[in-house]
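Please examine the sequence and the structure shown below.

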Amino acid sequence: MSILIHLNQADPLLLESHLKAHSDCPDLRIWPDCGNMDDIDCIIVWKHDPGILNQFANLKLIASYGAGVENILSDPDLPQGVPITRFVDDTLADQMAEYMLAVILNHRLHITYYRELQAASQWRPTEFSHAKNVTILGMGELGSVSAKLLNQNGYTVSGWSRSPKNIEDITSYYGDDQLEDAVKNADYILCLLPLTPQTTNILNKDLFKAAKLGAYLINAGRGDHLNEDDLLEALYNGQLSGATLDVFKSEPLPSDHVFWRHPKIYITPHISSPTDKVQVARQILDNYARMKKGEALINQVDPKRSY
Ligand code: NDP
Ligand code: OXD
């Protein structure tokens with residue numbers, strides 16, 4: 001049997017080389033060169049073309065190349081009952097935590113601002129901001145590690161999730177009823193939620209109004225968490241002081257999008273935590289072996305909760 005690699009906006013050949021480095025790697029095919037479709041019992045996907053997954057009669061495993069699985073779960077032709085796994089790894093969580101700390105430091109210490117002043121040959125010292133209250137929406141694999149790193153760096157951190165958390169020195173809020181309380185004292189609101197029907201559009205004007213005046217938003221979850229018009233309005237009326245966005249409704253962000261030229265918006269091109277190819281290759285082959293032996297899979301997604 002064979003594994004099919006179907007990646008958009010990621011390099012299938014690079015992943016193939018990392019998979020092939022392992023002696024237990026089975027036959028590999030790269031979309032669209034599937035060969036006999038009945039040979040395929042596992043597909044590795046990232047931003048796959050919807051409608052293809054139900055074409056493989058012997059499919060036993062769908063492995064996401066990344067952590068987020070909303071593209072898989074929202075595929076109307078998703079074959080029912082085929083297990084889905086996602087990428088969970090320390091490297092992913094550590095990178096995200098570093099990104100969050102870097103963005104906050106950049107904002108508090110005005111680093112990018114000085115680069116802009118340099119371009120205009122301007123010497124204009126400004127005090128550091130002492131704002132150090134952070135609320136993280138989504139306290140899973142990534143959010144909890146970001147919370148700990150920020151706390152170790154002297155930030156007062158709260159987290160919001162579906163279920164309560166018990167992490168030393170981190171205040172836990174949970175459930176829809178506690179969302180407003182979670183953000184009301186935050187200088188920085190970080191979104192590390194999965195995209196689900198419940199979290200779509202969650203970064204909207206109600207949340208911004210509930211937040212502390214002048215809060216700063218960092219979204220590394222998904223573009224569809226954000227109501228773009230509400231963000232523009234909140235930046236215009238000062239409800240939010242700025243935003244760093246790593247993810248967008250449409251990626252790459254179209255060149256005529258208003259965000260590119262907005263003075264209070266900083267853009268990074270979905271790089272806050274890229275998949276580590278070495279780790280993902282090993283993890284998928286381990287799950288492939290487990291699937292073959294009928295053993296429990298690691299990092300299996302629960303389609304009922306959509307993440
Ligand atoms: P996890 O599944 O480990 O964590 C998800 C967290 O969100 C959990 O704490 C969960 O609560 C919480 N959550 C889910 N639904 C709700 C809800 N309705 N209300 C409140 N809380 C909710 O995911 P990861 O941490 O691994 O990844 C999170 C997301 O980050 C990914 O889905 C992806 O979209 C994004 N990502 C972005 C990357 C980038 O480069 N920009 C890289 C990797 C991931 P509970 O703990 O109670 O279950
Ligand atoms: C992911 C991502 O979900 O890169 O892994 O966004």
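In this predicted model, a polar atom in the side chain of arginine 222 is placed 3.3 Å from an oxygen atom of ligand 1. Aspartate 246 also contributes through its side chain, where an N or O atom lies 2.9 Å from a nitrogen atom of ligand 1. Leucine 142, by contrast, takes part through its backbone: an N or O atom there is 2.9 Å from an oxygen atom of the ligand. On its own, ligand 1 would expose 940 Å², and the protein buries 94% of this area.

The surroundings of ligand 1 may now be considered as a whole. The ligand is surrounded by 29 residues, and the closest of them are Arg86, Glu141, Ser163, Lys165 and Tyr307. Sorted by class, this shell comprises 11 nonpolar, 11 polar and 7 charged residues. Among the elements that contribute to the shell are helix 5 (141-152) and strand 7 (156-161), each of which provides at least two residues.

How is the chain divided? It consists of domain 1, formed by residues 2-87 together with 275-293, and domain 2, formed by residues 91-267. Each of these two domains supplies at least three residues to the shell around ligand 1. The centres of the domains, taken from their C-alpha atoms, are 32 Å apart. Where the domains meet, 11 residues of domain 1 are in contact with 7 residues of domain 2. The size of an interface is often expressed as the accessible area that is lost when the parts come together. For domain 1 and domain 2, the area buried between them is about 680 Å², with 50% of it on carbon and sulfur atoms.

Attention may then turn to the second ligand. Which residues are found around ligand 2? They are Trp46, Gly66, Ala67, Gly68, Arg222 and His270. By class, these residues divide into 2 nonpolar, 3 polar and 1 charged.

Several polar atoms lie beside oxygen atoms of ligand 2. In alanine 67, a backbone N or O atom is 2.6 Å from an oxygen atom of the ligand. In glycine 68, a backbone N or O atom is 2.7 Å from such an oxygen atom. Histidine 270 contributes a polar side-chain atom, which lies 2.6 Å from an oxygen atom of ligand 2. Ligand 2 has 200 Å² of accessible area on its own, and the protein covers 86% of it.

Conventions: Residues numbered from 1 in each chain as written. Chains lettered and ligands numbered in written order. Predicted model: local features only at pLDDT ≥ 70, side-chain atom pairs only at ≥ 80, totals over all residues. Heavy atoms only, no water. Near = heavy atom within 4 Å. Polar contact = N/O pair within 3.5 Å; in protein donor to acceptor, adjacent residues only side chain to side chain. Areas by Shrake-Rupley, 256 points an atom, 1.4 Å probe, with all protein chains shown as cover. Helix = DSSP H or I, 4+ residues; strand = E, 2+ residues; numbered from the N terminus. Nonpolar A, V, L, I, M, F, W, Y, C, P; charged D, E, K, R; others polar. Domains from an automatic or database assignment. Contact = heavy atoms within 4.5 Å. Buried area = accessible area lost by both parts, 1.4 Å probe.
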